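Visitor: I would like a close look at a single part of this model. Could you walk me through one place where two chains meet?

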Amino acid sequence: MATATADLKRSVTAAATRPTLDDLDLPLGKRVRLRRLLYGRGMKNGTLLILPIDQGLEHGPIDFFPNPPSQDPDFQWRLALEGNYNAVACHYGLARKYMTKYAGEVPLLLKINGKTTIPSDDEAFSSMTGSVEDAVSLGADAVGYTLYVGSPRQDEDIHQLQIVREDCDKYNMPLVVWSYPRGAAIEEKGGRDSLYAVDYAARVALEMGADIVKLNIPKHGPKDSEQPGDYVGIDYDYGEGARRVVESAGRCLVLFSGGSKLGDEDLMTKARTAMESGATGLIFGRNMWQRPFDDALAMTQSVQDMLQGYGA
Amino acid sequence: MATATADLKRSVTAAATRPTLDDLDLPLGKRVRLRRLLYGRGMKNGTLLILPIDQGLEHGPIDFFPNPPSQDPDFQWRLALEGNYNAVACHYGLARKYMTKYAGEVPLLLKINGKTTIPSDDEAFSSMTGSVEDAVSLGADAVGYTLYVGSPRQDEDIHQLQIVREDCDKYNMPLVVWSYPRGAAIEEKGGRDSLYAVDYAARVALEMGADIVKLNIPKHGPKDSEQPGDYVGIDYDYGEGARRVVESAGRCLVLFSGGSKLGDEDLMTKARTAMESGATGLIFGRNMWQRPFDDALAMTQSVQDMLQGYGA
Amino acid sequence: MATATADLKRSVTAAATRPTLDDLDLPLGKRVRLRRLLYGRGMKNGTLLILPIDQGLEHGPIDFFPNPPSQDPDFQWRLALEGNYNAVACHYGLARKYMTKYAGEVPLLLKINGKTTIPSDDEAFSSMTGSVEDAVSLGADAVGYTLYVGSPRQDEDIHQLQIVREDCDKYNMPLVVWSYPRGAAIEEKGGRDSLYAVDYAARVALEMGADIVKLNIPKHGPKDSEQPGDYVGIDYDYGEGARRVVESAGRCLVLFSGGSKLGDEDLMTKARTAMESGATGLIFGRNMWQRPFDDALAMTQSVQDMLQGYGA
Amino acid sequence: MATATADLKRSVTAAATRPTLDDLDLPLGKRVRLRRLLYGRGMKNGTLLILPIDQGLEHGPIDFFPNPPSQDPDFQWRLALEGNYNAVACHYGLARKYMTKYAGEVPLLLKINGKTTIPSDDEAFSSMTGSVEDAVSLGADAVGYTLYVGSPRQDEDIHQLQIVREDCDKYNMPLVVWSYPRGAAIEEKGGRDSLYAVDYAARVALEMGADIVKLNIPKHGPKDSEQPGDYVGIDYDYGEGARRVVESAGRCLVLFSGGSKLGDEDLMTKARTAMESGATGLIFGRNMWQRPFDDALAMTQSVQDMLQGYGA
Amino acid sequence: MATATADLKRSVTAAATRPTLDDLDLPLGKRVRLRRLLYGRGMKNGTLLILPIDQGLEHGPIDFFPNPPSQDPDFQWRLALEGNYNAVACHYGLARKYMTKYAGEVPLLLKINGKTTIPSDDEAFSSMTGSVEDAVSLGADAVGYTLYVGSPRQDEDIHQLQIVREDCDKYNMPLVVWSYPRGAAIEEKGGRDSLYAVDYAARVALEMGADIVKLNIPKHGPKDSEQPGDYVGIDYDYGEGARRVVESAGRCLVLFSGGSKLGDEDLMTKARTAMESGATGLIFGRNMWQRPFDDALAMTQSVQDMLQGYGA
């Protein structure tokens, strides 16, 4: 067992390499759309910086309190334009009603399932808020789907994702999976941010056919010892955890998320570590738009300066 | 009753014979695909050795710890090519992203339902991760479906399988059923590995229209006395248990699985007994790829040398 | 109340008459198929003797213990051929894989829903294992559907039956309903075999559009007094119970089942009483094939000699 | 050239053998229905005697003039019942309105395309008068389709037949093709009854997927020398011509038609020669029902006495 | 003009290179099936030798006169097996009824449109005789479609091909186009075998989305001067003509056909020239099966010995 853990540790510390578009063996239409996202906007070097604005649905307007102007979705759309983000990720309504001015300039990653935070997360499940056909008809370059890995309702979730994936195949729409461990069962096995949980979530997205997977970077926590088997006792730092789950995601491109707002230095460290660990890019929302427009632009610029160094 | 048990004992020890393709009365397209699997790869003698790589979804990346390179799905695809396996069994993502190099050489058995191990198995149910049409469009030679016999949700499962079976009939895609006793009810009737449970699972697959059924070999356990009726008190050894369930599977070809990793000698004994008992082949995953590549090739070779003796 | 009970008693003892095909006002295709079943095989006199082999799914291989050769479905198919049964009733797999030799000689009654006996019967529900289109494509002459009258899940069941009935109408496939009182609620109202329960089940099949209904003959039991209203206190013997439910089935032809294995004399008495009471025929499985082949043929012959006297 | 013709002559005179049901490699439902037609009615020896009543549509009521009672379709249905024909072949209306009395006794071969004789045959094409689904819902055991081989409209005809054939595959309904050379082009290449024409028609039915093909026996005519290539100069008698086209039909069962009314002795000679040449049976209409009922029954009996000798 | 002709001449004489599978940018399922055809049978070196048996429909049984045993389709299927052809090309009927013995060994290229030669070719059009779904359900590895380039009915033809191509995309079934100049218009522009005609046909197949195109090798003829523009006056020999049209076919693999029977030496020359000119393979029917079985095997062997030298 000691050996197994040692091997795993080695796997955790190995240098991670980002898959290229060629590695992904993409059908033509997906190649067109992904190439546009990766090389047609932002740094144009194969990295991604994506601005999500689905927090109004997922968390409620409470997220806009730190920066009231951010409540107007045009704030984020404008930020995405002026900040040269690779795409905005949002639900149908924010695309349909706010995107016109930016159409053809800021690409759209249409989020097609979601939920509010009001009921408990014990049986988490996000129902469809849009469709792959909506994405086609809005001119989006990808769709986003949230899968709650390990939720008691994962049976419905896996099946719903299968349908979405088949629709993506039909239209060659790139599929971005927000792969989130969630629900009562995972809380009893180390919790949603444990290495066990995130590692598993990365693999599930790969096996289900995601093109890009959005993950949180795993971190140590008080329930670490409740993780199954050899996960207990694995020592890893921030970068090692990130590298490990990038490896588990295999031929999926990985986006790491920012989560709730951090200090600027922490954010930059997080961002750099993520890229260092083999991520293709970042999806930063609250860390960007929970500050005044010009600050947000400046912070965006800092992140992009860093991304400049990770072209491929 | 004594007589019934004696008769049954006789049935258990009777010589088992493997059905031939002609026994199966196959429609043309199924015959094409099964003949290709059975006689076009591997030993080319009607036996099967199949390499499954669905454990990342079913158990999580923890299964790759004993041999970290196995985390890269290309490890298994390459093993299947160089080791001359009859097919790889995996979900959509691992076919879509990793099979290109092996296309047309290593046949694909597309697994089309699954789940993670995170929630409890009390109400086990595997939802669809792909479709028979996916299998056609990926050029697969069979689909795999997991049926949890006896689960409280078997009503959904049986119906879901019926739809899959009808799609298989439409395209003449061979149907492989992973027939697994599972759920709270079976645990109260002797448990998932009891003769009662596995015997029942074999028969259900037959009545539902499987072409091939994957079974575990039944074994004695502490809950044997909780089995219904005459199953209690049947004495059987490993080979007799295997033979019995091969008989119950009737005109379904039987694959026995390896389960978790065994010692090499035990594995070879298990494999030989399975074939001796009328199985058509073996589906060995962890026992193969949870070791370094060259060891895995060598072990594969040993099993195939043995399979050589069971041609038909 | 006394009068009502007396009337009911009269109804119970009245001579029952079997509906003719003309009474059923059949559309053309149903007439073709039912005439073939009733007059083209067996006694060719409008009676039915049907051999069911769905017990492997419904009860498990345990039902084959008393006569191990019966585990091979060919045993029953051969018995049906040599014993000149009117039809075999089985699920898709046993038709698809075992019927070829008997095609066009032994008619098929395709059972299209079912379940295993592993989980509790409290919320009994049988999901689809096949479809009316399967029946057409297998060349079947009827489909069989199990309705669990009074089960907590009867809402799903009634709806599922409606869909089947509409498909039967589309293809003019005769519909045979196994109408079984089942579930926790009926156990609190006299039990599944009470006159109340079976009488109700007969009527439900009629109202739902069955062409033939399969019933158990009601019998007195310890929970008789828990039956609703005037059912309590009705005295009836075996034949009177049978007659009563034949009347309730109205313009559905009635099949009585044999249930678990009886002594030969009891079986013949049961069979004769059933026919005397207006049944169209018998569906005898375990009572036939849970004995050696030649005994089974002989017993079949005895029953048919009796059926000879009930032509119409 | 002399050699080729000599070889052909040899092929023409070789003994013809009738394909068995096993030769046809039938799916289960087709096997059920064909076995019923071939072994469940008539001589029950694998021969066919079929009574067509589509002449009212194809030729008009003029065909009933020689025997006015034959104008009532019940005349033919009754003849089919009392004469023990293997099936009646007719369009939807004559089945829907006249078959009830005979349902389940006289099998139905539903003719599903047709035309009147009023316009010229130069661009012959028969449009659909029914569907394979009609056949299922009427309880028919086969469908009949008229293909006009070589007609200027054969493009529409071939495509229409393809759709019918696919529907037949869906429901496993046997497909009988009336394969008739027709149209201006064939009249310039030896005419519709030439060996060239009938031989070609037999092959086309085979390649299109017919289970049974109805042919006329080829005969010498004044335009023989206009046949293409080596067909000119082939000398063959009645039986040799029949044998030749039976060979060309390969694994299609062949029915020869009677055509317009002949003398009794000629008819018997024709019938015997047809069977001697490898036909599976006869489809005799006008030769049967253009005479009084009792004469028709007697003639039927004579033909069947002869068919008795060709069982298989 | 002189320069243009010179350039063209240069293009005609340039070395032709065969596209590889990678050049074709195939979706996964097409890659599986084409790799199987190109590397799983025959020389297993990326060359193709295909045996067509659609002449019975296209030309009539007259094509079998030179070798009467060839009239039985089993002759060709057996030749394909024993001669190790890469595939048989035939219509539905000859696959459905004759392929079972060879299923899974001899790949099937299902021809899905066709016509007879009886009506004039002035408005040539081949209607559907099968579908891409038929090909899937028969387990075929490709479909074949005949496009009559330049026919007055090419509008219908092009549209019909588009539907087929889309179905091929859905199931990833490789599409082989028999691209034949035909009809009154082409006869006025140099004729069906002119460089103009064949060159045009090659390009049309490429633009319509064929994976493989079957062409005749262009040849000089009396109507050469009626070709449009600069085609008049191009001098080319057999090999130069072949090379020219291979170039025009671009990223379609090219099959050259044998046409009517040649002397053995001529055939070998033709075959070698074809391969030398960049063809992927040959489709030889009458040149093979219009001779006794053993001669046919020997000739097959000679061609394959030659193909051995063109692996890639």
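**A buried serine, then the B–C interface**

Guide: Happy to, and please keep in mind that this is a predicted model. E:Ser70 sits in the loop that links α3 (55–58) and α4 (73–82) of chain E. A polar atom of the E:Ser70 side chain lies 2.6 Å from the backbone oxygen of E:Asn67. Beyond the neighbours within four places in sequence, E:Ser70 is in contact with E:Phe64, E:Phe75, E:Gln76 and E:Trp289.

Now to the meeting of chain B and chain C. Here 45 residues of chain B are in contact with 38 residues of chain C. Together the two chains bury about 3400 Å², with 55% of that on carbon and sulfur atoms. On the chain B side, B:Tyr200, B:Arg203 and B:Glu207 lose the most area to chain C, together 23% of what that side buries.

For the polar part, 24 residue pairs are in polar contact between chain B and chain C, counting pairs with both residues at pLDDT 80 or more. The side of chain B that touches chain C draws at least two residues from each of α1 (2–13), α7 (154–171), α8 (184–187), α9 (195–208) and α10 (238–249). By type, the residues on that side are 19 nonpolar, ten polar and 16 charged. Three salt bridges are found across this interface. One of them joins the side chains of B:Arg165 and C:Asp134, at 2.8 Å from N to O.

How values were computed:
Residues are numbered from 1 along each chain as its sequence is written. Chains are lettered from A and ligands numbered from 1 in the order in which they are written. This is a predicted model: local features need pLDDT of at least 70, side-chain atom pairs count only at pLDDT 80 or more; totals for chains, interfaces and linings use all residues. Side-chain values use heavy atoms; hydrogens and water are left out. Helices (H or I, at least four residues) and strands (E, at least two) are DSSP runs, numbered from the N terminus. A polar contact is a pair of N or O atoms within 3.5 Å; within protein, one must be able to donate a hydrogen and the other to accept it, and residues adjacent in sequence count only if both atoms are side-chain atoms. Contact means heavy atoms within 4.5 Å. Buried area is the accessible area (1.4 Å probe) that two parts lose on being put together, summed over both. A salt bridge is a side-chain nitrogen of Lys or Arg within 4 Å of a carboxyl oxygen of Asp or Glu. Ala, Val, Leu, Ile, Met, Phe, Trp, Tyr, Cys and Pro count as nonpolar, Asp, Glu, Lys and Arg as charged, and the others, Gly among them, as polar.
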